[in-house]
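Reader: Walk me through this model, please. I want each label set against its cut-off.

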Amino acid sequence: MNRATAVLPLVLAAAPAAEAWTLCEQPGIQAPVALHREAPAYPPAVREIGVEGSVEVALTVLRDGSVGWVRALRGEPQGYFEQAAVAGVRGWRYRPATADGVAIECRLTTRVRFALVENTH
């Protein structure tokens, strides 16, 4: 019994290059303007132990002013506030950035601070 094996050439096509993200702060770009930036919820367990801190967050402001991609870059102290910061930032809203009068997506970084405030009521 003869077995024939077909050998097909393997053609690898390079995927189109991903479009580089436009940074919001650069010449020719009218940066997005925050319309709604509610403070993220303070993690209850962290509040209970009295820890304060901040998280540097990178985010993409979409053409409709909503927040798309979000990533915690660095938390101080690490491991306490990153999830809360990312969840909170997802709800922020902006007037979108524009280039030549047309709304564009762009990426920016910001710092989200978590500070304990005494209730004076």
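Reader: What makes Glu 56 and Arg 111 a salt bridge?

Author: The term asks for a side-chain nitrogen of Lys or Arg within 4 Å of a carboxyl oxygen of Asp or Glu. The closest N and O atoms of Glu 56 and Arg 111 are 3.8 Å apart, so the pair meets the rule. The pair links distant parts of the chain: Glu 56 sits in strand E2 and Arg 111 in strand E7, 55 residues apart. Strands here are DSSP runs of E with at least two residues, helices are runs of H or I with at least four, and both are numbered from the N terminus.

Reader: What kind of model is this, and which pLDDT do local features need?

Author: It is a predicted model; local features need pLDDT of at least 70, side-chain atom pairs count only at pLDDT 80 or more, and totals for chains, interfaces and linings use all residues. Residues are numbered from 1 along each chain as its sequence is written, and side-chain values use heavy atoms, with hydrogens and water left out.

Reader: Why can charged side chains pair?

Author: Opposite charges can pair when the charged atoms come close.

Reader: How many salt bridges does the rule give?

Author: Three. In one of them, Arg 74 meets Glu 56 with N to O at 2.6 Å. Arg 74 belongs to strand E3 and Glu 56 to strand E2, so this bridge ties together parts 18 residues apart in sequence.

Reader: Why is Glu 56 called buried?

Author: Buried means under 20% relative accessible area, exposed means over 50%, and partly exposed lies in between (1.4 Å probe, protein chains only). Glu 56 has 17%, so it counts as buried.

Reader: And Arg 74 and Arg 111: buried, exposed or partly exposed?

Author: Arg 74 has 45%, so it is partly exposed. Arg 111 has 33% and is partly exposed too.

Reader: How do you know that Glu 105 and Arg 63 meet in a salt bridge?

Author: Their N to O distance is 3.5 Å, which falls within the limit. Glu 105 lies in the loop between strand E6 (102-104) and E7, and Arg 63 in the loop between E2 and E3, so the bridge ties together parts 42 residues apart in sequence. Glu 105 has 26% relative accessibility, so it is partly exposed. Arg 63 has 52%, so it is exposed.

Reader: Which residues do shared partners join into one network?

Author: Glu 56, Arg 74 and Arg 111.

Reader: How do you know that E2 and E7 pair?

Author: Two strands pair if DSSP finds at least two bridges between them. E2 (residues 53-61) and E7 have nine, in the antiparallel sense, so they pair.

Reader: In what order do the three strands of the open sheet run?

Author: The order is E3-E2-E7, with antiparallel pairing. Strand E3 (67-76) and strand E7 (106-114) stand at the edges with a single partner each, so one side of each has no neighbour in the sheet. The twist averages 25° from one strand to the next. Axes are lines fitted to C-alpha atoms, for helices over the stretch in contact, and angles run from 0 to 180 degrees between N-to-C directions. Helix H2 (residues 82-89) packs on the sheet and touches E2, E3 and E7; its direction makes about 155° with that of E3.

Reader: Which residues touch the most other members of the largest nonpolar core?

Author: Val 57, Leu 59, Val 89 and Phe 114, out of 24 residues. E2, E3, H2 and E7 are the elements that give two or more residues to this core. A nonpolar core is a set of buried Ala, Val, Leu, Ile, Met, Phe, Trp, Tyr and Cys residues joined through side-chain atoms within 4.5 Å.

Reader: What does Phe 114 touch?

Author: Contact means heavy atoms within 4.5 Å. Not counting residues up to four places away in sequence, Phe 114 touches residues including Pro 40, Tyr 42, Val 55, Phe 81 and Ala 84.

Reader: What makes Ala 103 partly exposed?

Author: Its relative accessible area is 27%, so it falls between the two cut-offs. Ala 103 lies in strand E6. Leaving aside neighbours within four places in sequence, Ala 103 is in contact with Arg 63, Pro 96, Ala 97 and Thr 98.
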